[in-house]
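Here is a short report on a protein model. Please look over the sequence and the structure first.

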Amino acid sequence: MALSFVGAAPDYAQRRIVASHARFHQVQQVSAALVAVEVEWEYLDAYGRSVPGQRFHYLLRLGRDAVRICTVTPLD
């Protein structure tokens, strides 16, 4: 998950976002190895103010030693 933010780092720096928090709205077990999750990301800027977040639908593959993101779809 952390690697998915690497490309967003310049935008976050410009907007002075210093923290993010995932709020889970739906979690659905699709199969033994797949989980669908709806996530709303909440952000906090350097002044402690809330910054409007985004909602995404993730399809995750559960492995023995890792969870991998298969797809990410923006919902907003």
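The text below covers the sheet, one glutamate and an aromatic pair.

The model is predicted, with local features requiring pLDDT of at least 70, side-chain atom pairs pLDDT 80 or more, and totals for chains, interfaces and linings using all residues. Residues are numbered from 1 along each chain as its sequence is written, and side-chain values use heavy atoms, without hydrogens or water.

**Sheet.** An open, antiparallel sheet is built from 4 strands in the order β1-β2-β3-β4. Strands are DSSP runs (E, at least two residues), numbered from the N terminus; two of them pair if DSSP finds at least two bridges between them. β1 and β4 are the edge strands, each with a single partner, so one side of each has no neighbour in the sheet. From one strand to the next, the twist averages 30° (axes are lines fitted to C-alpha atoms; angles run from 0 to 180 degrees between N-to-C directions). β1 and β2 share 11 antiparallel bridges. V27 has V37 in β2 as its bridge partner.

**E38.** This residue lies in β2. E38 counts as buried because its relative accessibility is 15% (buried is under 20%, exposed over 50%, partly exposed in between; 1.4 Å probe, protein chains only). Beyond four places in sequence, its contacts (heavy atoms within 4.5 Å) include R23, H25, F56 and L75.

**Side-chain pairs.** The polar contact is a pair of N or O atoms within 3.5 Å, one able to donate a hydrogen and the other to accept it. Aromatic rings pair with centres within 6.5 Å; planes under 30 degrees apart are stacked, over 60 edge-to-face, the rest tilted.

| Pair | Type | Value |
|---|---|---|
| E38 and R55 | polar contact | 2.6 Å |
| F56 and Y58 | aromatic pair, tilted | 6.2 Å centre to centre, 55° between the planes |

Both F56 and Y58 are buried.

Terms used:
Phe/Tyr/Trp six-rings, centres within 6.5 Å; stacked < 30°, edge-to-face > 60°. Polar contact = N/O pair within 3.5 Å; in protein donor to acceptor, adjacent residues only side chain to side chain.
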